[in-house]
Amino acid sequence: MRVKFRGILHREALLLPGPAGWGEFSPFPEYDDAEAAPWLAAALEAAGEGYPEPVRTSVPVNGTVPAVGVDQVETVLARFGAVPAVKVKVAERGQTVAEDLARVAEVRRLLPDAGIRVDANGGWDVPTAVAALEALAEAGLEYAEQPVPDIAGLRAVREELARRGVPVLIAADESVRKETDPLRVAREDAADLIVVKVAPLGGVRRALAIVAAAGLPAVVSSALDTSVGIRAGVALAASLPQLPYACGLGTLSLMDGDVTEEPLLPDGGALAVRGVPVSEELLERHAADADVTRWWLDRLARVYAHLPGVSGAQGPTDARQQ
């Protein structure tokens, strides 16, 4: 990583080749096997089936500003080029709301016409979220992503902001992808829109079905993927009937390496809907050591056993790892 994001500086991914192309299996190391199973289902869909026919040829994307100091904001934004919107990380552990306000204010100063959305990753409690978002609303927010960790809290924040007349929409991320029932947040009227990621939802086709059933606007986001994983996000965004917001698929700008010579980086604030030619040379350059590779292959076999319809089967064995 070029800068610490989600508390990490190094990202690992296991890549699977198949008849339709490459799939990426990259659940974070702390996820247990059951939680990682949808990520494998998504990788197998990409490698084995490919993607639905798109309804658009490009996908608008936002820039992403991690929880960096104000003095680093301009450098981070420069890596994304011209973008229609910027997602700013807030509620970082060990930081204050005042630091969040300063970071957002600097983004607004540098990009007076861009849409700004903030992402708290569930880091606030309800009173803190309401107070912070009331203050952050001065910057003109598009929405606030997962300000608190649970669905009841999201609903409480949404209702209190409405009562105060604070015009900030609430987006649910973890309350969609980490719930056993990803539609609960919509049923309980706890969000104005949902953030969807292909891998944790089990693939492009399942994510499309969840968005359709939720009946809420959707923003497609990535999970710090290589271009192979980003390609899946682009496929989802390109297949949605409506795409009212720029998507969080420009995160390769935060990475210092990739598995292709043609990375899926934004051009003019958008990503083209295209394939990703994986480079054998880059796979070798970024290959993990033997112990890490063994850990991932063992994990692959365990997680495969959690897939529907699999019982005691051997998992995929032809995998490449970055």
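Arg11 sits over the face of Phe28, 4.0 Å from the ring centre; a charge gets that label if NZ of Lys or CZ of Arg is within 6 Å of the ring centre and within 35 degrees of the ring normal. Arg299 does the like with Trp296, lying over its face at 5.0 Å from the ring centre. Keep in mind that this is a predicted model, where local features need pLDDT of at least 70 and side-chain atom pairs count only at pLDDT 80 or more, while totals for chains, interfaces and linings use all residues. Residues are numbered from 1 along each chain as its sequence is written, and side-chain values use heavy atoms, with hydrogens and water left out.

Now for the rings themselves. The whole structure holds 6 aromatic pairs, meaning rings of Phe, Tyr and Trp (its six-membered ring) with centres within 6.5 Å, called stacked if the planes are under 30 degrees apart, edge-to-face if over 60 and tilted for the rest. Phe28 and Trp39 have ring centres 6.2 Å apart and planes at 80°, so they pair edge-to-face. Phe28 belongs to the loop between E2 and H1 and Trp39 to helix H1, so their contact ties together parts 11 residues apart in sequence. Helices (H or I, at least four residues) and strands (E, at least two) are DSSP runs, numbered from the N terminus. Both Phe28 and Trp39 are buried, which means under 20% relative accessible area, with exposed being over 50% and partly exposed in between (1.4 Å probe, protein chains only).

Trp295 and Trp296 also pair edge-to-face, at 5.3 Å centre to centre and 80° between the planes. Trp295 is partly exposed at 37% relative accessibility, whereas Trp296 is buried at 0%. Ring pairs join Phe25 to these two, giving a cluster of Phe25, Trp295 and Trp296.

The largest has about 150 Å³ of space, and of its 20 lining residues, Val198, Ala199, Asp225, Gly229 and Ala232 are the closest to the centre. Helix H10 gives the most to this lining, with 4 residues. The second largest cavity has about 30 Å³, and its lining includes Asn62, Lys87, Arg117 and Tyr143.

Key. On a 1 Å grid over the protein atoms alone, a cavity is a set of points where a 1.4 Å probe fits but cannot get out, and a pocket is an open set with protein on both sides within 12 Å along at least five of seven lines; lining residues have an atom within 4 Å of a point. Grid points are joined across faces, edges and corners, and a volume is the space filled by probe spheres set on the points.
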